[in-house]
Amino acid sequence: MTNINVLIQFKNITIARGIKVLIQEASLQLHPGHKVGLTGANGAGKSSLFAMLRGELDADKGELEIPSSWVVGHVAQETPALSTSALQFVLEGDEELHTIEQSLAQAEANAEGERIAELHGRLSEIEGYAAKARAASLLDGLGFSQTDLQSAVSSFSGGWRVRLNLARALMCRSDLLLLDEPTNHLDLEAVIWLENWLKSYSGTLLLISHDRDFLDAIVNHIAHIEHQTLTLYKGGYSDFERQRAEKMALQQAMHEKQQQKVAHLHKYIDRFKAQATKARQAQSRIKALERMEMISAAHVDSQFTFSFRPPSSSPEPLLAISDIDVGYSNKPILSNVSLTVRPKERIGLLGPNGAGKSTLIKLLAGELQSHSGKRTLGKDLNIGYFAQHQLEQLRAEESPLQHMQRLDKNATEQELLNYLGGFDFRGDMARSACEKFSGGEKSRLALALLIWTRPSLLLLDEPTNHLDLEMRHALTLALQEFEGGVILISHDRSLLRTTCDQFVLVANGQANLFDGDLDDYSAWVAEQRSQEKVAIVNETASTDKKNSYAQNKLDRQARIAARRPLIKESEKLERDIAAWHLEKATCDARLNDTTLYENADKTELQALLKQQSALTLNIDQAEERWLTVHEQLETLPEIDA
């Protein structure tokens, strides 16, 4: 365990990338057990700071002190296409365990008794005997099925390999854990599980995340990089926003801009309150929106400012499906689904991974045909569909401006440049080929292209993947003012809370309105996991019982097989002894006849005496063997009735 007296110290640390200074003369202390959220704009130096803590980068100036004995856990960026099973890959995340197992195999091969005992002792100390169960639990929490555990790493897609790397990092018994955007590629259920796991993590945690609810639930400090300064704030992310907002409110120019956004938010809240009076999730959303004044103040200097253009059409309803069955290759995923979407409605899709959320949104978008049922579009409906494959459709050799010009040939270049500026594509970046853009920059461009088309129905499948906190905040504000309808899948609970006024639960082949908010959904997820665990326990017990019966049957057969020849020999000996006793009794009776001895011919007498002697010998030997056989039978297990 980590000594409470040791800590991480940054002493006047300066980090630069070429001639650009990222962090200048930073000094702070991180104590064991601290859970710290590392925040700052893209390119501020967060990843460089992580690289320094991993020992991969030296500070340009200053000194970093970190206990030499500490084990540092982090998520690998790449996963080779290994033939190793998923379970074994995760187990190897505990390097000491892996080393002990290798040494143990070598010691056993060399018959080194003392070394074997020593290694087993250490294995017990690190709870190595429970390692497989721990690894399986991590994989289960991150969404892997039991059948996935023995599948080769190479058989998983890129997103699932990211999850494998995360599980491997969590398997490491680390003193310091570095996690950079761990919720990317996770669904909401896995995010909730990871959140609970990290809450109970006993080491020191540094976490980069653009999910404000995730940060708030886990961290007790925020280390924020801004203007080359690294500042440590006490509390969660919301506490940081409040403290930063208070500092920024002292600046008059910022304060004036802040008030404009506050007025904008109050207007929306008042309008929403007048409509939302019945559903629990509506009340939850009002509470979330009432916190937006503080959030807005903390983001008044955001580089992102955009809004949705008025929809090109607004039919009533926008879209309706009734009695829909949908799936792949004639295999239904969802059955008997009915849903109507109207202008200004914001619907969040909830449900376990693989339950059919993306399938449903593809059906609504018209990218997937139903097996049965009816899909009805409103007149002149314009659908804006955002999914991860949108990024793949960007032309690598074209700039953001060229993408926009291809989309709208009538708009002037300056109009398009002004619009792109709201998504932080300014100056040379607006005219640069997007092939070297980051995932976040590509996501921003895909959103910009989608928003320009003036959709009346937005279908958004994980739109915040790769987006930073500032862009997520800007998207939230834009969605709140959007006049059309929204169907949203997201693992970002803050976006769901502040955007959606109703939820649909997609689970068990059905899609039905969910009467509750996200807290109710978290409780539902916990209940489902509990039921699954009970089912697994029962199934395991049933399997164990079957296996036990089968094993008992095999054992019984083995015992019978071992006893059978001895029993047969005993029975034969008993028959022989009985026959020989009868034969000897006849012989004895004849020998007791006095007339036998009066006969001058002694041939019969001699024959009888010889027979009597042989029978006596046979009986004695048989009885001795019978005793030996029964002694052997007594050493064998009895056969159950």
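What covers the buried residues of α16? The cover includes α15 and α17 (439-452). Before I go on, this is a predicted model, in which local features need pLDDT of at least 70, side-chain atom pairs count only at pLDDT 80 or more, and totals for chains, interfaces and linings use all residues. Residues are numbered from 1 along each chain as its sequence is written, and side-chain values use heavy atoms, with hydrogens and water left out.

Some terms, then. Helices (H or I, at least four residues) and strands (E, at least two) are DSSP runs, numbered from the N terminus. Buried means under 20% relative accessible area, exposed means over 50%, and partly exposed lies in between, with a 1.4 Å probe and protein chains only. A contact means heavy atoms within 4.5 Å.

Now the whole protein. It has 22 helices and 18 strands. There are 641 residues, and 47% of them count as buried. Among contacts with a separation of 6 or more, 71% are between residues 24 or more positions apart. The protein exposes about 32,200 Å² (Shrake-Rupley method, 1.4 Å probe), and carbon and sulfur atoms supply 49% of that area.

Back to α16. Its buried residues are Leu416, Leu417, Tyr419, Leu420 and Gly421. How do the axes of α15 and α16 cross, and at roughly what angle? Helix α15 covers residues 400-407 and helix α16 covers residues 413-421; their axes come within 10 Å and cross at roughly 120°. The axes here are lines fitted to C-alpha atoms, for helices over the stretch in contact, and angles run from 0 to 180 degrees between N-to-C directions. That angle makes α15 oblique to α16. As for the cut-offs, under 35 degrees is roughly parallel, over 145 is roughly antiparallel, 65 to 115 is roughly perpendicular, and the rest is oblique.

The crossing of α15 and α16 is right-handed. A crossing is right-handed if the near helix is turned clockwise from the far one by less than a right angle, and left-handed if anticlockwise. On the α15 side the residues are Pro400, Leu401, Met404 and Gln405, and they meet Glu413, Leu416, Leu417, Tyr419 and Leu420 in α16. By class, this contact has seven nonpolar, one polar and one charged residues. Here Ala, Val, Leu, Ile, Met, Phe, Trp, Tyr, Cys and Pro count as nonpolar, Asp, Glu, Lys and Arg as charged, and the others, Gly among them, as polar.

In the loop between α16 and α17 sits aspartate 424. Its phi is positive, about 65°, although it is not a glycine. Aspartate 424 is partly exposed, with a relative accessible area of 22%.

The crossing is right-handed. In α5, Ala131, Arg134, Ala135, Leu138 and Leu139 meet Leu164, Ala167, Leu170 and Met171 in α6. That contact has eight nonpolar, no polar and one charged residues.

Helix α5 spans residues 131-141, and its buried residues are Ala131, Ala135, Ala136, Leu138, Leu139 and Gly141. Glycine 143 follows α5 and has a positive phi, near 100°.

Is methionine 171 buried or exposed? It is buried, with a relative accessible area of 0%. Methionine 171 belongs to helix α6, residues 158-171. Leaving out residues up to four places away in sequence, methionine 171 touches Val90, Leu91, Gly93, Asp94, Ala131, Arg134, Ala135 and Leu138. Valine 90 is 81 residues from methionine 171 in sequence, yet the two are 6.6 Å apart, C-alpha to C-alpha.

Now some loop residues. Histidine 34 lies between β2 (20-30) and β3 (35-40), and at 15% relative accessibility it counts as buried. Beyond its neighbours within four places in sequence, histidine 34 is in contact with Gly203, Thr204, Leu205, Asn220 and His221.

Histidine 185 is in the loop between β6 (176-180) and α7 (188-199). Its phi is positive, about 75°, although it is not a glycine, and at 35% relative accessibility histidine 185 counts as partly exposed.

Last, a cis peptide bond joins glutamate 316 and proline 317, with omega about -5°. Proline 317 is in the loop between α12 (292-298) and β10 (319-328).
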